[in-house]
Amino acid sequence: MVVLRRFSSLLIAAACLTVLFRLSSPYTPTPPKISPATNRPNQLYTWRKQQIRYQQAGPLTGEPVVLVHGLFVNSDHWRKTLLGLAEEGYNVYAIDLWGYGYSSKPPSDSPEARAVCGENKRFEKDSTVAVLKNVALGNPNGKGERLRDIELRHPMGSPYNFYTWSELITDFCQEIVPKRPVTLVCNSIGTISALQAVIDTPDLYTGVCVVTPNFRELHSAEIAFPMLSMPVIRKIQQTLREKGQPLFDALAKPNTVKQILKEPYKVQDAIDDTLVKVLLDPLLLKGASNIVFDTLSYSAGPLPEHQLSDFPRDKPVWITYGTADPWTPDARVDALINKPTVEKVVPLPGIGHCPHDEAPELVNPFILEFLKRVLSKEKSNVPNS
């Protein structure tokens, strides 16, 4: 029942955000020149013939930080982090992952989208590596472990997956960011893309600062009694992909957006008109609703507990989260301190799923402390000339 409630809440949130004042636009949208959230110019990066929107703040000579957003949002969600870190002299970037924000959104079955897919080379030579057997995953109460098989491939074969997004992050850091190594800061499911990027290309990064992890309750390895429940969930997902648009349209009510945001946000004052606008506008673009349905069907892919078990031992990970987050079990997050490279887990009392936007006065100092930690480590590793 908890999973079904979570699924329903994700659907309603996505529906309300996607259909309100629907616009007609191409799959490669044109962003406003200036972000209303940050007052920074929107810039474009051409990646594998796809458009990626990003924002930059701070001196280009500063130590680089790349911010990776979470589910159904975009780089504007980092409005308070981007500017806060830039004020401290860091060179800060926030990107729209492919398919989100003002980045390109081609249909998942189109040739141009298939060409981008990060699963192409990863599994084509040996399909057996697409399933991990008997992986230890945590429990909501933080006690003990469960052994589960993890399906890594997107069940629909969609190119909108964590391996594609992790490759985007790495290519962006190599082609756009002028200085290396790079520190990644991530929120929610952006955590999985960020961790995968470091696992695949560790020398490019200093470490990862996680602002609320996500355990992906709709993953087949997280569902109770998957042999019985997954066929039902797959059918619901199929129905949404094929017939879900009228439901989206029926939920198009202006006041609903703020109401939906009140579930993950426990600091209600953070839900202002600017937040609603910058989350809504990109979701109204052509192709955006297809990405939403696609993501709701993504009951596979890597999971953070397994990633952290295999994480490069010299790349520190710090984690902070809100104790009032309705989607992320406190005890399970606290248990991540037992992972080899997780050095710190800090709870934030009374904060929800988006601490960086709800309580930047707490989160920005945490990130700055992490940056000092990883950068001092990097300097100590530089050989004397």
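Predicted model: local features only at pLDDT ≥ 70, side-chain atom pairs only at ≥ 80, totals over all residues.
## Overall make-up

The chain has 385 residues, and 57% of them count as buried. Its secondary structure consists of 15 helices and 10 strands.

Contacts in the chain can also be sorted by separation in sequence. Among those between residues at least 6 apart, 77% join residues at least 24 apart.

## Helices α2 and α15

Two packed helices are described by the angle between their axes and the distance between the axes. Helix α2 covers residues 79-86 and helix α15 covers residues 360-380; they pack at an angle of about 50°, and their axes are 10 Å apart. Because of this angle, α2 is oblique to α15. The crossing of α2 past α15 is right-handed.

On the α2 side, the contact is made by Lys80, Thr81, Gly84 and Leu85. On the α15 side, Pro360, Asn364, Ile367 and Leu368 take part. By class, the residues of this contact are four nonpolar, three polar and one charged.

## Helices α5 and α6

The crossing of α5 past α6 is right-handed.

From α5, the residues in the contact are Phe162, Tyr163, Trp165, Ser166, Ile169 and Thr170. From α6, they are Ile192, Ser193, Ala194, Gln196, Ala197 and Asp200. The contact of α5 with α6 has seven nonpolar residues, four polar and one charged.

## The buried helix α11

Helix α11 spans residues 288-296, and eight of its nine residues are buried, so the helix is largely enclosed by the rest of the structure. The buried residues of α11 are Ala288, Ser289, Ile291, Val292, Phe293, Asp294, Thr295 and Leu296.

## Two loop residues

Pro41 sits in the loop between α1 (2-19) and β1 (43-47). Its relative accessible area is 33%, so Pro41 is partly exposed. Leaving aside neighbours within four places in sequence, Pro41 is in contact with Lys33, Ile34, Tyr54 and Gln55. Pro31 is 10 residues from Pro41 along the chain, and the C-alpha atoms of the two are separated by 9.8 Å.

Asn139 belongs to another part of the chain, the loop between β5 (131-137) and β6 (146-151). Asn139 has a relative accessible area of 17%. Buried means under 20%, so Asn139 is counted as buried. Not counting residues up to four places away in sequence, Asn139 touches Gly144, Glu145, Arg146 and Arg332.

## Cysteines and disulfides

A disulfide is a covalent bond between the sulfur atoms of two cysteines. How many disulfides does a search of the whole structure find? The search finds zero.

Cys173 has a relative accessible area of 0%, so Cys173 is buried. Cys354 is buried too, with a relative accessible area of 6%.

Notes
Residues numbered from 1 in each chain as written. Heavy atoms only, no water. Disulfide = S-S within 2.5 Å. Buried < 20%, exposed > 50% of the residue type's maximum accessible area, 1.4 Å probe, protein only. Axes fitted to C-alpha atoms, helices over the stretch in contact; angles between N-to-C directions. Helix = DSSP H or I, 4+ residues; strand = E, 2+ residues; numbered from the N terminus. Parallel < 35°, antiparallel > 145°, perpendicular 65-115°, else oblique. Left-handed = near helix turned anticlockwise from the far one by under 90°. Contact = heavy atoms within 4.5 Å. Nonpolar A, V, L, I, M, F, W, Y, C, P; charged D, E, K, R; others polar.
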